[in-house]
Amino acid sequence: MFAVREDVLREHGIDCADARDRFDGNMELYERLAIKFLDDRHVEALLRRIEAGDSEAAYREAHSLKGVAGNLSFSALYRQASALSDALCAGDLGSARALMPQLLRVYDDVVSMLEPCRQGERSSDALVHDAEQRAEDVRRHRLSSERIGV
């Protein structure tokens, strides 16, 4: 089970009580699926689409992220992805750009809570690779955010 207490997870936008209900008490399944979220690339794709000014493709990424976050009870990320999805559905790329910094903060918060859970099932080489990849992803997020003016 999660290496972090539920109240701490809740403070970081992960609602374990909701997840317990959604997964009918099967928290082992929930944890496996939540850890798989660490490999999800919707945020990265969303940044690229917004950077390119493609509000339709960005909407699809935001909507997909909203669905994943909602299904995994990542409540804070769900709320941010919903707001972003709504802005993009309305064709408001400017508002979407303005919402990206908060979405990235919430996303990073969720990832920081999930990463320790993955550590128990990965080799040290894989963990080093993951840490390097996450550092590169964060660097790219920051550069992309700067380029799109957020």
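Which residue forms a salt bridge with Glu-6? The points below answer this and describe the surrounding architecture.

1. Basis of the note. This is a predicted model, in which local features need pLDDT of at least 70 and side-chain atom pairs count only at pLDDT 80 or more, while totals for chains, interfaces and linings use all residues. Residues are numbered from 1 along each chain as its sequence is written, and side-chain values use heavy atoms, with hydrogens and water left out.

2. The salt bridge of Glu-6. The partner is Arg-20, with the closest N and O atoms 2.3 Å apart; a salt bridge here is a side-chain nitrogen of Lys or Arg within 4 Å of a carboxyl oxygen of Asp or Glu. Because Glu-6 lies in helix α1 (residues 6-11) and Arg-20 in helix α2, the pair ties together parts that are 14 residues apart in sequence. Helices are DSSP runs (H or I, at least four residues), numbered from the N terminus. Glu-6 is partly exposed, at a relative accessible area of 32%, and Arg-20 is partly exposed at 31%. For these classes, buried means under 20% relative accessible area, exposed over 50%, and partly exposed in between (1.4 Å probe, protein chains only).

3. Salt bridges within a helix. The whole structure contains 3 salt bridges. Asp-18 and Arg-22 form one of them, at 2.9 Å from N to O; both residues belong to helix α2 and stand 4 residues apart, about one turn of the helix. Asp-18 is partly exposed at 28% relative accessibility, as is Arg-22 at 45%. Arg-48 and Glu-44 form another, at 3.5 Å from N to O, and they too are 4 residues apart, in helix α4. An α-helix has 3.6 residues a turn, so residues three or four places apart point the same way.

4. Aromatic pairs. The count is 3 aromatic pairs, where rings of Phe, Tyr and Trp (its six-membered ring) pair if their centres lie within 6.5 Å; planes under 30 degrees apart count as stacked, over 60 as edge-to-face and the rest as tilted. Phe-23 and Tyr-30 have ring centres 5.2 Å apart and planes at 65°, so the pair is edge-to-face. Both of these residues, Phe-23 and Tyr-30, are buried. The rings of Phe-37 and Tyr-107 are also edge-to-face, because their planes lie at 65°, with centres 6.0 Å apart. This pair links distant parts of the chain, 70 residues apart: Phe-37 is in the loop between α3 (27-36) and α4 (42-51), and Tyr-107 is in helix α7. Phe-37 is buried at a relative accessible area of 2%, and Tyr-107 is buried at 4%. Phe-37, Phe-74 and Tyr-107 form one aromatic cluster.

5. The nonpolar core. A nonpolar core is a set of buried Ala, Val, Leu, Ile, Met, Phe, Trp, Tyr and Cys residues joined through side-chain atoms within 4.5 Å. The largest has 39 residues, and those touching the most other members are Ile-14, Tyr-30, Phe-37, Leu-46, Phe-74, Leu-77 and Leu-103. Helix α7 gives the most to this core, with 12 residues. Beyond neighbours within four places in sequence, Leu-46 has contacts that include Ala-58, Leu-84, Met-100 and Leu-103; contact means heavy atoms within 4.5 Å.

6. Helix α7. The 27 residues of α7 (residues 93-119) should span 39 Å at 1.5 Å a residue, and the end C-alpha atoms are 37 Å apart, which agrees. The expected span is 1.5 Å times one less than the number of residues. A kink of about 35° lies at Met-100, shortly before the proline Pro-101; the bend at a residue is the angle between axes fitted to the seven residues ending there and the seven starting there.

Notes
Helices (H or I, at least four residues) and strands (E, at least two) are DSSP runs, numbered from the N terminus.
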